[in-house]
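This note is written for a colleague who is meeting the structure for the first time. Please read the points below with the model in view.

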Amino acid sequence: MSEAARGPARLTGPIHGYLGRRHVEAGPIWIDYHDSRSDGYEVDTVIQRDVLVINLGPAKTVFGINGGKPVELPVSTNMHSFVPAGTEVYERCEAQSTDCLFLHFDEGALADLRAHNDVRDATPEFRYQMVDPVLGGLARELARSIATGMPEGAAYAEYIGAALALRQMGHMMGQVTRPRMSTMPMSVMQVAQLQEFIEARLSEALSLAEVCDAADRPLALVNRAFRECLGLSVYQYILMRRIDRAREKLAVSDASLAEIAYECGFSSQQHMTNAFTAKLGTSPGRYRREVKG
């Protein structure tokens, strides 16, 4: 394993070994661990190995394949993507406070896994934005081992990498069903962690379904926990935080109301105005004039 800080580089050749601070060779699998201290990166190349990407936290990326126009895409916790060898990829990711694993498979490695595990053939195809808490849990264990210097050895990383690949094949063949969400009540610590998740995604079109995925709980349990700890439902809490952020920006920024609305996660300027007025009894424009004198 090697560790080296690399600046944001535009990679146009092989990408394995260049996406992150830590790199592990585990048999036919090369693993890049892009942790929260890693620099951003930009990729514009044809992928030479099958790649499985697993995000352990929320992030944003600009992504495009096979000559398509790159677009900004939000990434959720436990989201994973599969990019087969030969795919033309453009991706730009800024330095971020989240962890991500890239698993690069040698030619024939996935076919060998299928053969040795009695898995029927599945044509590798591009898959993006699939959320799987089970796969995310395996990835977290692999990230933990890599971050602590691989005390279990490279064979352990290869074992987990193989399990991740087999799980991904199940997605391709439609054999993986969505696991049932936990019915256990949320702890105060879990509510605090979910608050951090919401804060990181506040400027995005964050849905209640995404919040529930992050909590691994149905909406009724999440709402109950938030009301007990914060006195608000999840929707009310998100709206309150967006209004608070808008107030902060209105007091110091000269950006237009429409820009501030977008930066705070409102769907439109009118949406922000309605929410702001209902909560504070004054419009965003009037509030700005009063605060700035």
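1. Terms for burial. A residue is called buried under 20% relative accessible area, exposed over 50%, and partly exposed in between (1.4 Å probe, protein chains only). Residues are numbered from 1 along each chain as its sequence is written. The model is predicted: local features need pLDDT of at least 70, side-chain atom pairs count only at pLDDT 80 or more, totals for chains, interfaces and linings use all residues, and side-chain values use heavy atoms, with hydrogens and water left out.

2. Confidence. pLDDT, the predictor's confidence in each residue, runs from 0 to 100. The chain has an average of 79, and 80% of its residues score at least 70. Helices (H or I, at least four residues) and strands (E, at least two) are DSSP runs, numbered from the N terminus. Helix α7 (residues 234-252) has the highest mean, at 94, while strand β1 (residues 2-3) has the lowest, at 34. Across residues 1-9 the pLDDT is below 50, and this stretch has 25 contacts in the model beyond near neighbours in sequence; a contact means heavy atoms within 4.5 Å. Where pLDDT is low, the predicted coordinates should not be read in detail.

3. Overall make-up. The chain contains 10 helices and 12 strands. Of its 293 residues, 46% count as buried. Among contacts with a separation of 6 or more, 70% come from residues 24 or more positions apart.

4. The largest nonpolar core. Such a core is a set of buried Ala, Val, Leu, Ile, Met, Phe, Trp, Tyr and Cys residues joined through side-chain atoms within 4.5 Å. The largest one has 27 residues, of which Ile-31, Leu-101, Leu-103 and Leu-142 touch the most other members. Elements giving two or more residues include β4 (29-34), β11 (100-105) and α2 (133-147). Helix α3 contributes the most, with 6 residues. Which residues does Leu-103 contact, leaving aside its neighbours within four places in sequence? Among them are Trp-30, Ile-31, Leu-52, Leu-142 and Leu-164.

5. In α1 (residues 109-116), the buried residues are Ala-109, Leu-110, Leu-113 and Arg-114. These residues cover an arc of only 140° around the axis, so they lie on the same side of α1; the arc is that of the directions from the helix axis to the C-beta atoms. Ala-115 and His-116 are exposed, on the face turned away from the buried side.

6. Salt bridges. The structure has 10 salt bridges, each a side-chain nitrogen of Lys or Arg within 4 Å of a carboxyl oxygen of Asp or Glu. Arg-245 and Glu-199 form one of them (3.1 Å, N to O). This pair links distant parts of the chain, with Arg-245 in helix α7 and Glu-199 in helix α4 (residues 188-200), 46 residues apart. Arg-245 is buried, at 18% relative accessibility, whereas Glu-199 is partly exposed, at 28%.

7. Further pairs. Arg-201, buried at 1% relative accessibility, meets Glu-210 in a salt bridge (3.0 Å, N to O). Lys-249 pairs with Glu-263, their closest N and O atoms being 3.5 Å apart. Because Lys-249 lies in helix α7 and Glu-263 in helix α8 (residues 257-263), this bridge ties together parts that are 14 residues apart in sequence. Lys-249 is partly exposed at 25%, as is Glu-263 at 34%. Salt bridges with shared partners join Glu-199, Arg-241, Asp-244 and Arg-245 into one network.
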